[in-house]
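Let's walk through a structure together, one question at a time. Have a look first, then read on.

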Amino acid sequence: MTDLSAHEVIVRPVITEKAIDLSNREPIHRYTFQVHPDANKMQIKAAVEELYKKENVTVVAVNVLTTHRKEKRRGTRRGRISGYTTPWRKAIVTLASGQKIEFFEGV
Amino acid sequence: MKLDVELPPERLSRAVDQAVQRLARRTRVPGFRPGKAPRAMLERVLGQGAVLDEAVEHLVEDAYRDALVEKLILPLNQAKIDVQQAEEGKALVFSATVAVRPDVKLGDYRDFNFKPEIEQITDVTVDKVIDELRDQNATLAPVEDRAARKGDYVVVGYTGSRDGVPFEGGSSERMPLILGDERLIPGFEDHVVGIRLGDRIEFDITFPDDYADADLAGKPAHFQVELKELREKILPDTDDEFARGMGDYADLPALRAEVQQRLERNALDRARHQFADRIIEYAVANATMELPDILVDQEVEVMHDEFRVSLSRQGIAQDAYLKATSQTEEDLHKDLRPRAEQRVKVLLVLSTVAETEGVNVDDEAVQAEVERSRQRYAGDAKLISYFESERGRNFIRSTLRRTAVVERLVDDWMTAHPEHPRLPHIEDDTTTAIEAPSAGSESSEKKEPVESGSPA
């Protein structure tokens, strides 16, 4: 297992309608991040608590999933080109009941 | 006029919410369906303060409009708005500066001591019209057995030269002239008088000093002239036959009577118009008001436009005109200004009199005028849609109202002075009636063509 700093573990917050919705549910707030592909749940928990030290939060659960690469083809004038979407790893972090962070501020 | 408006914080926060919805709908933020982005994201995409700005802008506009309605203010121009405080959680404070119609202090506009002046139609005037009719119906009989006289219709061909060289514009193959009209250079026609058909003459003549072509002005020239046609104007005799030829008239007295009648009607109409103009002048002279510059400026622009149109109708470009008269646009504006002021004054005074007198124009009259305009400007879609718009209708309404006010003043004077002959509105009697009911309709129509030669 490699040594990753908190900033290396947490790449960026995922800001989409769905992520915002999860983060705004009461009383338990869940925050979604893009994380390092090799990071494990323990590292993610530690990184979140480290990055949001000021809010002094406790991570009670981390769910992770990998969004796999996907082939994309598209026609141009010179013929078809194909490639892949970037695979990435997503972590949904659940904080202790009632705890919140300002996660726009990440990265 | 300055309006100070303060709105409670709740109004502002409501406006902010609405602004968020509006902006979200038209801003695409990745990760969100249109209209679903939260405020924080909008601010990241559009910039800090964008939401608040949008909210303030809308709120100020609404509040300004409400304030106008509430205080019954009719603005004349775009308001200058100065936002003094716009912070969320605090009251929104702004002021709007706007020009309004000035208060007009009316003086007297009823107790004038002038009367309508009706031009008397005498036999002499009728004779003059009859003579004009004869002149228009004159025949041109060829003459061979005598020399040209003043008043004859001739056709000449001529060649003009200087030092033996023909000059530009100095020649013509066939130039029709009426001798004595002096349409050519002074003295030219005198040489033609006394020669016979087919005669050729040569003479020297000097162009006048004020001749339009500077190269020729004051210079001598030599002309060769040939008389190519000689005709005499023969006026029809003033008899019953002539009268019958002019239309559906039994004899000469009938024609004279008709001419007399028309002239009298025109005289009455003119008298009414002049009388109305004098009343307006009187009312304006007695009223006091402060003229807002903005109104006068607008009127100057309007007049400038009218001027441009009339120039272009004569085929003159404005630039060329300004150059020829060595004026600048500012000079022109300065010239127009006094008249613009007068027009604005008339407008303001009449509107105020209309208010004082309670003159109103109902919707049907406006609608009727819209219909009329639609027919009159049938080809001009833009103008028609203007007339049908709210603004166009208001314009028509206020115009009708001003006309109605003047008509009312004239009619009231008539009622107060029953001994004075009636002055009917001419548009009510287009055919034969001389006595027309003086119903208060509008009179902004075109006047009937003046008499001289209509029944032909």
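This is a predicted model: local features need pLDDT of at least 70, side-chain atom pairs count only at pLDDT 80 or more; totals for chains, interfaces and linings use all residues.

Residues are numbered from 1 along each chain as its sequence is written, chains are lettered from A and ligands numbered from 1 in the order in which they are written, and side-chain values use heavy atoms, with hydrogens and water left out.

Q: In what order do the 4 strands of the open sheet in chain A stand?
A: Helices (H or I, at least four residues) and strands (E, at least two) are DSSP runs, numbered from the N terminus. Two strands pair if DSSP finds at least two bridges between them. In chain A the pairing is antiparallel, and the order is S1-S2-S6-S3.

Q: Which strands of chain A stand at the edges of that sheet?
A: An edge strand here has a single partner strand, so one of its sides is left without a neighbour in the sheet. In chain A that goes for S1 (10–13) and S3 (59–67).

Q: How many bridges pair S2 and S6 of chain A, and which residue stands opposite A:Val35?
A: Strand S2 covers residues 30–35 and strand S6 covers residues 88–95, and the two pair in the antiparallel sense over 6 bridges.

Q: How much area do chain A and chain B bury between them?
A: On the contact count, 5 residues of chain A meet 9 residues of chain B. Buried area is the accessible area (1.4 Å probe) that two parts lose on being put together, summed over both. Carbon and sulfur atoms carry 62% of it, and the total is about 580 Å².

Q: Which side chains meet in the salt bridge between chain A and chain B?
A: A salt bridge is a side-chain nitrogen of Lys or Arg within 4 Å of a carboxyl oxygen of Asp or Glu. The count between these two chains is 1. With 2.7 Å from N to O, the partners are B:Arg33 and A:Glu17.

Q: What is the strand order in the open sheet of chain B?
A: This sheet has 3 strands with antiparallel pairing. S1 (2–7) and S2 (80–85) each pair on one side only, which makes them the edge strands. The order is S1-S3-S2.

Q: How far apart in sequence are the parts that B:Arg26 and B:Glu54 tie together?
A: The side chains of this pair meet in a salt bridge at 3.3 Å, N to O. B:Arg26 lies in helix H1 (residues 9–26) of chain B and B:Glu54 in helix H3 (residues 50–70) of chain B, so the parts tied together are 28 residues apart.

Q: Is the peptide bond from A:Glu26 to A:Pro27 cis or trans?
A: A:Pro27 sits in the loop between helix H2 (17–23) and S2 of chain A. With omega near -5°, the bond is cis.

Definitions and conventions: Contact means heavy atoms within 4.5 Å.
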